[in-house]
Amino acid sequence: MGLSLEESLRLAVAALMQATGDSQRAVAAVLGLTQTQVSRRQSGATSWTLRDVDVLAGYYEIAALDLLAGPTRACETLPAARRRAAHAEKRAVR
C-alpha cells in the first residue's frame, strides 16, 4: 500500500526544504505561521490545509498537484533557480 496524501505532502515539503535550503522558520514566514505550527504539520500532529498547499506551491514555483504528487515529482518540477546550489553560486559570484 502506498503513502497517504498527507504523508506524501509532508515528505514533499521536507524534500523541497532540503533542496532549497529553506528552514521551517522560512516556510512559516511564507505561510504566515509560526515555526512551531510548521513543525506540527511536518510531524503529522496537525494537517496541512489546502491554503497551505496553494501558498507553498506558489512559493516553490511548482503546480499544487506536483506538490501533492510526492517528493520525487515536487523536486523534479522545482525550477533550477530555486535549488540550494543555485543560491550558493549567486553568493559566490557576489
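At what angle do helix α1 and α3 pack, and how far apart are their axes? In this predicted model, local features need pLDDT of at least 70 and side-chain atom pairs count only at pLDDT 80 or more, whereas totals for chains, interfaces and linings use all residues. Residues are numbered from 1 along each chain as its sequence is written, and side-chain values use heavy atoms, with hydrogens and water left out.

**View 1. Packing of α1 against α3.** Helix α1 (residues 5-20) packs with α3 at an angle of about 125 degrees, and their axes are 8 Å apart; axes are lines fitted to C-alpha atoms, for helices over the stretch in contact, and angles run from 0 to 180 degrees between N-to-C directions. The two helices are therefore oblique to each other, a class left over once angles under 35 degrees (roughly parallel), over 145 (roughly antiparallel) and 65 to 115 (roughly perpendicular) are set aside.

**View 2. Arg10 in helix α1.** Arg10 is buried (under 20% relative accessible area, 1.4 Å probe, protein chains only) yet has no salt bridge (a side-chain nitrogen of Lys or Arg within 4 Å of a carboxyl oxygen of Asp or Glu). The nearest side chain of opposite charge, that of Glu6, is 4.1 Å away. Not counting residues up to four places away in sequence, Arg10 touches Arg41, Gln42, Ser43, Gly44 and Trp48, where contact means heavy atoms within 4.5 Å.

**View 3. Leu33 in the loop between α2 (24-31) and α3 (35-43).** Leu33 touches Ala28, Val38, Arg41 and Asp52, not counting residues up to four places away in sequence. Leu33 and Asp52 are 19 residues apart in sequence, and their C-alpha atoms are 9.9 Å apart in space. Helices are DSSP runs (H or I, at least four residues), numbered from the N terminus.

How values were computed
Buried < 20%, exposed > 50% of the residue type's maximum accessible area, 1.4 Å probe, protein only. Lys, Arg positive; Asp, Glu negative; His and termini not counted.
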